[in-house]
Amino acid sequence: MEAIDEIVAEFLVESHENLDQLDTDLLALEQDPTSRDLLGSVFRTIHTIKGTSGFLAFNKLEKLTHVGENLLSRMRDGKIQLNEDRASALLAMVDAVRGLLSHIEASGGEGDDDHTELVARLGQLLEDGPIEAPPLIPAQATSPETAEAEPVAEPEPVAAAPESEPAPEPAPEPAPAPTPAPAPAPEPAAEKAKPAPEPGEAGEHKRSVVESSVRVDVELLDTLMRMVGELVLSRNQLVSELDEQNDSALARSAQRLSLVTSELQEQVMKTRMQPVDTVWSKLPRVVRDLSRQLSRNVRLEMEGRDTELDRSVLEAIKDPMTHLVRNAIDHGIEPPDVRIGKGKNPEGVLTLRAYHEAGQVHLEIIDDGAGIDKDIVGRRGVERGLVTQAQLEKMTPREISQMIFLPGFSTAAKVTNVSGRGVGMDVVKTRIEGIGGSVDVISNKGAGSTFRLTIPLTLAIIPALTIGCAGHRYAVPQVSVLELVRLSGEHARGGIEHISGAPVYRLRGALLPLVQLDEQLGLVPPGTASGGGQNNDGRGGFIVVLQAEQHRFGLVVDDVLDTQEIVVKPLGRHLKALPMYQGATIHGDGSVVLILDATAIARQADVLSNPAGAASSAINEETTTIDPVLVVELTGGRRTAIPLDMVTRLEEIPTKTIERVGGREVVQYRGHIMPLVRLASLLGAYGEENDNERVQLVVYTRGERSVGFAVERIMDIATERAGSRSDIDDHALLGSIVVGDRVVELLDVQAAVLAADPAFYQDDAGATTIEELGSMYEEAL
Amino acid sequence: MTQLSTFHVGSYLFGVEVALVQEVVRMQVFTPVPLSGPEVSGLINLRGEVLTAIDVRARLGLPPSTGERPQVNVVVRVDDEPVSLLVDEIGGVVEVSQIPFEGTPSTVNARVGALLTGAYTLPEKLLLALDARALLAFDESRSAAA
């Protein structure tokens, strides 16, 4: 009896796997109805299930698969062709088989579901002649009417999951020449290796995937993982005890053990990673069924399907992903006639994209449909009492789009059975945030929407830099790290400057805002930071140049230790609220090391002047790049911004050292005479003439020449909000930009430089001009 | 039949349901978590799993341990998340179903009292039944604000 149970269990596992394959194959077959390879594969799968169910006396199952097999057999023999009805009937059969299998799994019996109708339908489709059946329209045209209406619907050759066909026996006919056109669905078929083309032997044939991989129970993997952890700890204890014994032979053995353990740990951890395709492979079916049901014409494209995620993460994104795909078809992509009316291709494109970036996994669901109508969203938001009319008027279009994630918000005019399933956008958001991720939407009315899920690395394996700070180690994901700068002796003192109290470092001519890690972590009181800071008692330190969103900044740390692959472990709920940490990892010696979040540090240290603007620019491709600017104040409180890459030094000089030469103000600076220009008078700022004893200078040096801009006050380094530059046709101004919440004029440095020294850019004439100025200076004396 | 695992913190004897206790770990190295609240003594590595260690003394508003004797980690699993409770010393498992159970005694301070479901009057001492959920449900946003 037990032997039978075991056979049944094996049958169930194998059949479930085969059915997933079958879904994929059938959809691919719709694209390429004549592919003998696919037909053969589908046929064999059904044949295998039929054969085994007969053997195990599952009669309903046998009957159902038998008629399906007949249908497929006739198609394979070219007597009839796959059309939409037949494909639907076959897919319905796959579902019915699944239902039966679930029953068998749950109760051992086949259950009471009646499949006679389906059997009859399959039988009837068997009878249709080959000519009568309308030729199948490739899946891009799911509804016949629109297929006629659009010229594009002409069947195009699609690759028949072809390339990999290492069939041991000669294929019945040469494989079709590979076509570059990507078949959306069938790729996994290629991976799973084709069964031998000889149908009769299908029962005995195992997929060749068996030879290269083994199915393992996830629980077993988890157990292995825990045990490896224990092994690591025991190893560590052993090593530390050996250190006291001074036995070199034993030490060598321990060293080997140590290496093997680390390797084993790493490998076992990697077993938990799976490609995102394990979730995506279900979606072509969802898209097909839904677009049929809603009479939409949708092509599904997937990019980055081999992007790996931890299986726990995959599990968590499954439902949100499905919902977003459904939503994109239901609310996004318009019916073909509407699309034609708008001058769009009747076929909508739904793109799924996955990639790793900045230590996170990004998943995007992009449709080219109607987009979000912000007026309707806004109105509904007010109707539902989510915002007031006054609030709405102050909201940016982006903020309005985000309202769709609020609980109790639904734009569906009526609750359809597609979208009204209780999984609203708010649930998507909650779920994704539940695993520490975020959801964002960018939408242009009429042009489509992009939903972006940013999933944390939870449990993913990433390379990270280990740094030391205040006696502790921390890990920084390598993806955020741009470069390392060593601060030794002189550099430590000379390299760090302060602008309105905020430290900056001059890196290859550009000023880099600095953040003291020990200060940010509250390990030292503010202002007394050690690493490379003011009082570093000659000790060096490092600047880790980090990228956070679109901004760069330098993190000052005491030590840079090493780079290693780490496994990100989530922090317990008591620490979830601390944004500075992405998680924790366990180092080789068994100690726990916190993983820092570059963006959160930048945010806390306030070096991201406008996080929302930067985040949107990451997605919105039209925006310009973001440049850091130095904000200065002129007389009368007027502010202007100078692009930071045009700033070489900041100086403060006594007012009395300024001299007048030939109507120009100059100052002796580093052995040269430097012309000055007062920005206030250049830009025509009104206000009281300043009588300060000292003048703030912004120095721009190019080669041997320098020019100083005299300003009232140096305010801050900030980042201009992407796309916010507007043109002003004014003397010495490039335009205005938004810095923080203020509009600031952007200085045309070149014009300002020329105002101070008309010959500044004449390289060849450089020396003479300085001499000229020198002689003018002497004359004046 | 109710069994409580008991442990000592300060002068108190506490008990939590034995089913919640996963294990007791003596040796431990803590990784401090900067910016966290005083209740979090650090992170520990429990066979490859990163656990938050909660300083029960801090949670109860008691003075920190004198450090004369190493504290003990009692690993409890609440809402499917293991957390380590740092206590002074562990006691034994006490069968309490036959022992008179009372409400929270008025002698304990309010902060401790709020975390109890009640008390069992053992002959020699009062055994305070801890509400493990309440113990772990401290204000998380406060630590975030740091």
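Helices (H or I, at least four residues) and strands (E, at least two) are DSSP runs, numbered from the N terminus. This is a predicted model: local features need pLDDT of at least 70, side-chain atom pairs count only at pLDDT 80 or more, and totals for chains, interfaces and linings use all residues. Residues are numbered from 1 along each chain as its sequence is written, chains are lettered from A and ligands numbered from 1 in the order in which they are written, and side-chain values use heavy atoms, with hydrogens and water left out.

**View 1**
Chain A comes to 25 helices and 29 strands. Of its 781 residues, 50% are buried; buried means under 20% relative accessible area, exposed over 50%, and partly exposed in between (1.4 Å probe, protein chains only). Chain B has 4 helices and 11 strands. Its 146 residues are 54% buried. Contact means heavy atoms within 4.5 Å. Among contacts in chain A between residues at least 6 apart in sequence, 67% join residues at least 24 apart. For chain B, counted among contacts between residues at least 6 apart in sequence, the share joining residues at least 24 apart is 54%.

**View 1. The contact between chain A and chain B.**
Chain A brings 27 residues to the contact, and chain B brings 25 residues. Together the two chains bury about 2300 Å², with 65% of it on carbon and sulfur atoms. Buried area is the accessible area (1.4 Å probe) that two parts lose on being put together, summed over both. R573(A), H574(A) and V592(A) supply 33% of the area that chain A buries against chain B, more than any other three residues.

Between chain A and chain B the count is 1 salt bridge. A salt bridge is a side-chain nitrogen of Lys or Arg within 4 Å of a carboxyl oxygen of Asp or Glu. The side chains of R573(A) and E81(B) meet in a salt bridge, at 3.8 Å from N to O. On the side of chain A that touches chain B, the elements giving two or more residues are helix 9 (218–245), strand 9 (472–477), strand 17 (581–586) and strand 18 (592–596) of chain A. Helix 9 of chain A gives the most, with 5 residues. By class, this side of chain A has 14 nonpolar, 9 polar and 4 charged residues. Ala, Val, Leu, Ile, Met, Phe, Trp, Tyr, Cys and Pro count as nonpolar, Asp, Glu, Lys and Arg as charged, and the others, Gly among them, as polar.

**View 2. Nonpolar cores.**
A nonpolar core is a set of buried Ala, Val, Leu, Ile, Met, Phe, Trp, Tyr and Cys residues joined through side-chain atoms within 4.5 Å. The largest has 65 residues. Those with the most contacts inside it are I467(A), L517(A), Y581(A), F14(B) and L85(B). Beyond residues up to four places away in sequence, L85(B) touches partners including F7(B), I54(B), V72(B) and L136(B). A second, separate core of 45 residues includes A328(A), V428(A), I432(A) and V439(A).

**View 3. Two positive phi angles.**
Most residues other than glycine have a negative phi. A470(A) is not a glycine, yet its phi is positive, about 50°. A470(A) sits in the loop between strand 8 (461–469) and strand 9 of chain A. A470(A) is partly exposed, at 37% relative accessible area. L35(B), also not a glycine, has a positive phi of about 80°. L35(B) lies in the loop between strand 3 (21–25) and strand 4 (40–46) of chain B. L35(B) is buried, at 14% relative accessibility.

D23(A) lies in helix 1 (residues 2–31) of chain A. D23(A) has a relative accessible area of 11% and is buried. Leaving out residues up to four places away in sequence, D23(A) touches L91(A), V94(A), R98(A) and R285(A). K50(A) belongs to helix 2 (residues 36–55) of chain A. K50(A) counts as buried, at 17% relative accessibility. The side chains of K50(A) and E69(A) are joined by a polar contact of 2.9 Å.

Methods:
Polar contact = N/O pair within 3.5 Å; in protein donor to acceptor, adjacent residues only side chain to side chain.
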